[in-house]
Amino acid sequence: MIEFTPEQEEFRRAVARFVDAEVVPAAEAIDARAEFPWTLFKRIGELGYLGLRYPEAYGGAGADMVTYCLFAEELARGSLSVAAAAAMQSLMGTYFIYAHGSEALRRKYLVPALRGDLVATFALTEPNAGSDVANITTRAERRGDRWVLSGGKTWVTNAPVADVLTVAAKTSAERGMKNIALFLLDRSTMRGITLGKKIDKMSVRASETGEILLEDVEVPAEHLLGGETGGVEKIGGILSEIRVMTAAISVGLARAAYGAALAYARERVAFGKPIVEHQAIGFKLADMVTQLHAATLMTYQAAARLDARRAITREAAMVKLFASEMAVTVTDEAVRIFASYGLAMEYPVQRYFRDARFLLPGGGTSEILRVVIGRDLDWDRSQAFA
Ligand SMILES: Cc1cc2nc3c(=O)[nH]c(=O)nc-3n(C[C@H](O)[C@H](O)[C@H](O)COP(=O)(O)OP(=O)(O)OC[C@H]3O[C@@H](n4cnc5c(N)ncnc54)[C@H](O)[C@@H]3O)c2cc1C
């Protein structure tokens with residue numbers, strides 16, 4: 001049985017209070033403006049939430065994965081856009097600086113990023129390389145004591161407002177994944193970094209997403225994060241965390257949609273009774289809550305296993321697949337329960353429906369996750385409990 005410690009429960013209640021007081025009231029307006037949520041981002045930094053996963057020496061809290069998922073889930077319940085921006089900052093955008101950067105880089109970039117004073121991002125995807133990572137063409141060439149980067153990235157979360165970027169590039173012309181390395185780019189000191197246009201999208205509109213153009217960007221050797229090869233393995237080292245975190249935000253979003261649909265179904269009357277009493281609607285809600293329940297258990301079971309330092313590659317893929325698809329289904333059903341009112345911009349349920357689509361591509365599409373799960377189809381029931 002999954003049990004939270006009293007500290008984890010108290011932490012979740014504190015995040016929930018913050019979300020109810022400050023995120024929920026702002027969510028509609030930031031979505032309508034489609035602008036990076038500066039005020040909330042700074043507040044999340046001030047509250048110490050961006051540093052949850054990092055040691056206290058860098059301004060972090062040294063929290064476990066379960067605690068981090070509680071934070072991510074509650075935040076996503078208020079706004080998936082804010083959760084996306086905060087997840088990039090607190091995980092992929094800063095992780096490689098911490099894990100593979102020198103002490104000087106950690107002090108210069110990680111510490112202010114965890115306070116929310118610098119915006120960080122992680123750029124892997126390119127116009128012709130999404131799932132097919134081996135196809136990236138951004139090149140890094142060594143020239144003396146520097147590297148020179150050229151190429152282009154796209155669909156990068158926080159890119160339009162980013163100060164520091166961890167960028168994946170190839171260190172040789174060879175095809176394949178071996179020669180991919182990670183570089184830390186600083187927009188304030190390095191020339192040749194152009195932040196391209198912001199992508200106008202239907203989902204997580206207040207989490208800005210954009211292109212990055214790199215033209216002969218000179219990068220000091222110290223900014224090569226962890227060697228000339230092995231970038232894909234470094235990304236792989238954090239992929240299970242990314243997938244479990246994505247499951248947690250899926251649960252948060254689905255909770256919001258389920259709560260809204262249940263309240264509406266109890267209130268809306270048709271044919272002389274609240275629609276929740278029509279079996280067709282009651283069954284929908286029963287399916288929604290069942291899926292939500294299962295995804296929640298899977299998410300926290302996987303998070304606890306990460307805390308126990310277990311390798312959970314296949315399980316993390318299962319959890320992300322199940323939870324993200326669950327969020328798509330639950331938000332879709334919520335809109336159906338609202339019927340015409342589900343389409344009205346004055347109700348948040350349309351935002352939940354739009355936002356859920358964001359959960360599908362990041363951290364591996366559902367098809368790619370099935371490829372990962374399909375590599376090892378043996379299963380016995382003990383694996384669910386071990
Ligand atoms: C809002 C948002 C934010 C993002 N943020 C970031 C970010 O911060 N940094 C970053 O680097 N990237 C980011 N991404 C990009 C994301 O990681 C990619 O979109 C994702 O990897 C999928 O790539 P793609 O869109 O190019 O699809 P493709 O890889 O072109 O896939 C197209 C379709 O083909 C399927 N497909 C592809 N290969 C296979 C296969 N072998 N077997 C079966 N089916 C397959 C896919 O599942 C999909 O349905 C973001 C995306 C979005 C939408």
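This is a predicted model: local features need pLDDT of at least 70, side-chain atom pairs count only at pLDDT 80 or more; totals for chains, interfaces and linings use all residues.
Local features are given only where pLDDT is at least 70 and side-chain atom pairs only at pLDDT 80 or more, while totals for chains, interfaces and linings use all residues. Residues are numbered from 1 along each chain as its sequence is written.

The ligand comes first. The shell around the ligand holds 21 residues, and Thr-125, Gly-130, Ser-131, Thr-365 and Glu-367 come nearest; a residue is near a molecule or strand if its C-beta atom, placed from the backbone, lies within 6 Å of it. Two or more residues of this shell come from each of β1 (120-123), β3 (146-157) and α11 (366-374). Helices (H or I, at least four residues) and strands (E, at least two) are DSSP runs, numbered from the N terminus. By residue class, the shell around the ligand has 11 nonpolar, eight polar and two charged members. Ala, Val, Leu, Ile, Met, Phe, Trp, Tyr, Cys and Pro count here as nonpolar, Asp, Glu, Lys and Arg as charged, and the others, Gly among them, as polar. The ligand lies between domain 2 (120-229) and domain 3 (232-379), because both give residues to the shell around it. These domain bounds come from an automatic or database domain assignment.

Next is the packing of helices. The axes of α9 (residues 313-338) and α11 come within 9 Å and cross at roughly 150 degrees. Axes are lines fitted to C-alpha atoms, for helices over the stretch in contact, and angles run from 0 to 180 degrees between N-to-C directions. That angle makes α9 roughly antiparallel to α11. Angles under 35 degrees count as roughly parallel, over 145 as roughly antiparallel, 65 to 115 as roughly perpendicular and the rest as oblique. The crossing of α9 and α11 is left-handed; a crossing is left-handed if the near helix is turned anticlockwise from the far one by less than a right angle, and right-handed if clockwise.

Helix α9 also packs against α7 (residues 231-267). The axes of α7 and α9 come within 8 Å and cross at roughly 20 degrees, so these two helices are roughly parallel. Their crossing is left-handed. The residues in the contact of α7 with α9 are 21 nonpolar, six polar and three charged. Helix α7 packs with α4 (residues 80-90) as well, at an angle of about 165 degrees and with the axes 11 Å apart. The helices α4 and α7 are therefore roughly antiparallel, and their crossing is right-handed.

Two residues other than glycine have a positive phi. Ala-34, with phi near 55 degrees, is in the loop between α1 (6-33) and α2 (38-46). Ala-34 counts as partly exposed because it has 15 C-beta neighbours inside 10 Å. A residue is buried if 20 or more other C-beta atoms lie within 10 Å of its own, exposed if 12 or fewer, and partly exposed in between, with C-beta atoms placed from the backbone. Asn-158, with phi near 70 degrees, is in the loop between β3 and β4 (164-170). Asn-158 has 27 C-beta neighbours inside 10 Å and so counts as buried.

The remaining residues relate sequence separation to distance in space. Leu-50 lies in the loop between α2 and α3 (65-78) and is buried, because 27 other C-beta atoms are within 10 Å. Leu-50 and Met-88 are 38 residues apart in sequence, and their C-alpha atoms are 9.5 Å apart. Ala-386, in the segment after α12 (382-385), is exposed, with 8 other C-beta atoms within 10 Å. From Ala-386 to Arg-305 there are 81 residues in sequence and 9.5 Å in space, C-alpha to C-alpha.

Glu-3, in the segment before α1, has 8 C-beta neighbours inside 10 Å and so counts as exposed. Glu-3 is 369 residues from Val-372 in sequence and 29 Å from it in space, C-alpha to C-alpha. Arg-106, in helix α6 (residues 103-115), is partly exposed with 19 C-beta neighbours inside 10 Å.
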